[in-house]
Amino acid sequence: MMNDITPAVQRRMALVAGYSLVAMAIVAGFGYGYGFGSIYVAGDGAATVTNLNQSAYLFRWVIVAFLVIMLLDVVVAWALYYFFKPVDEALSLLTAWLRIIYAPFLGIALMNLLAVLPLLNDAAPAESLIMRSLNAFQDVWSLGLVVFGFHLTLLGYLALMSRFVPKVLAGLALFAGLCYFLSNLANLAVPDYGQYKGTVEMALSLPMALGELALAVWLLIKGGKTKQPRFQSASAEF
């Protein structure tokens with residue numbers, strides 16, 4: 001069976017994925033980088049509660065931001081599946097499903113943020129309950145990011161196989177995927193990883209961010225426009 005993805009469809013999928021990834025980066029920068037980072041103080045319940053009381057509206061927008069990210073993840077998974085389908089249909093489908101599986105992890109993690117909202121109405125909100133919910137949010141999300149790291153690693157491998165995505169971008173996606181996978185696996189599996197987490201994340205934040213963002217820019221500018229080799233889907237051989 002020959003590939004049924006035309007260049008026009010591939011270009012549309014590149015634009016959908018590219019714009020969604022850029023939008024996700026902006027929303028994540030606000031929701032997690034600015035919003036959550038301004039409120040949550042690791043190991044300091046009193047400071048966190050004070051920040052929550054002073055920034056209750058910001059906290060609600062943090063929840064909205066993560067909801068938008070979760071929805072965009074599904075859109076990106078769908079678009080990238082069709083974009084890379086001519087390379088290897090089965091592997092592209094697996095890569096897409098891993099990102100779709102990651103989205104519910106983020107949704108479950110968000111339930112912990114929603115659990116904080118009723119506590120903000122209390123005259124003296126319980127610090128321990130709030131910190132437990134915020135820590136649970138990060139732990140569940142970290143588990144989801146292990147799955148996301150696997151997705152991004154396979155995405156980088158697909159890009160490398162494609163022969164039309166620049167190898168440097170494929171390498172960045174591969175490396176970023178490994179960073180997500182290993183750092184979040186360590187966060188869950190290594191008891192004293194918290195002592196090193198800040199240093200590790202600072203060192204890996206740039207390659208982790210560039211992994212998808214560089215690919216997003218390429219998708220917007222060149223994705224589906226370059227003359228690409230014709231592929232026969234690997235799954236069609238059987």
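Here are a few questions and answers about the predicted model shown above.

Local features need pLDDT of at least 70 and side-chain atom pairs pLDDT 80 or more, whereas totals for chains, interfaces and linings use all residues. Residues are numbered from 1 along each chain as its sequence is written, and side-chain values use heavy atoms, with hydrogens and water left out.

Q: At roughly what angle do the axes of α1 and α3 cross?
A: Helices here are DSSP runs (H or I, at least four residues), numbered from the N terminus. Their axes are lines fitted to C-alpha atoms over the stretch in contact, with angles from 0 to 180 degrees between N-to-C directions. The axes of α1 and α3 come within 8 Å, and they cross at roughly 155°.

Q: Are α1 and α3 roughly parallel or roughly antiparallel to each other?
A: Angles over 145 degrees count as roughly antiparallel. The α1 and α3 axes cross at roughly 155°, so these two helices are roughly antiparallel.

Q: How many nonpolar residues does the contact of α5 with α6 have?
A: Helix α5 spans residues 127-162 and helix α6 residues 167-189, and their axes come within 7 Å. The residues of this contact include seven polar and two charged ones (Asp, Glu, Lys and Arg count as charged). Ala, Val, Leu, Ile, Met, Phe, Trp, Tyr, Cys and Pro count as nonpolar, and the others, Gly among them, as polar. The nonpolar count is 18.

Q: Which helix gives the largest share of the nonpolar patch?
A: Patch residues have over 30% relative accessible area (Shrake-Rupley, 1.4 Å probe) and no salt bridge, with nonpolar side chains (Val, Leu, Ile, Met, Phe, Trp, Tyr) joined within 5 Å. Phe30, Tyr34, Tyr57, Trp61, Val64 and Val68 form the patch, with about 660 Å² of accessible area together. Four residues, the largest share, come from α3.

Q: Which residue forms a salt bridge with Asp73?
A: A salt bridge puts a side-chain nitrogen of Lys or Arg within 4 Å of a carboxyl oxygen of Asp or Glu. The whole structure has two of them. In this one, the closest N and O atoms are 2.8 Å apart, and the partner of Asp73 is Arg99.

Technical notes
Patch = residues over 30% accessible without salt bridge, like charges linked within 9 Å, V, L, I, M, F, W, Y side chains within 5 Å. Parallel < 35°, antiparallel > 145°, perpendicular 65-115°, else oblique.
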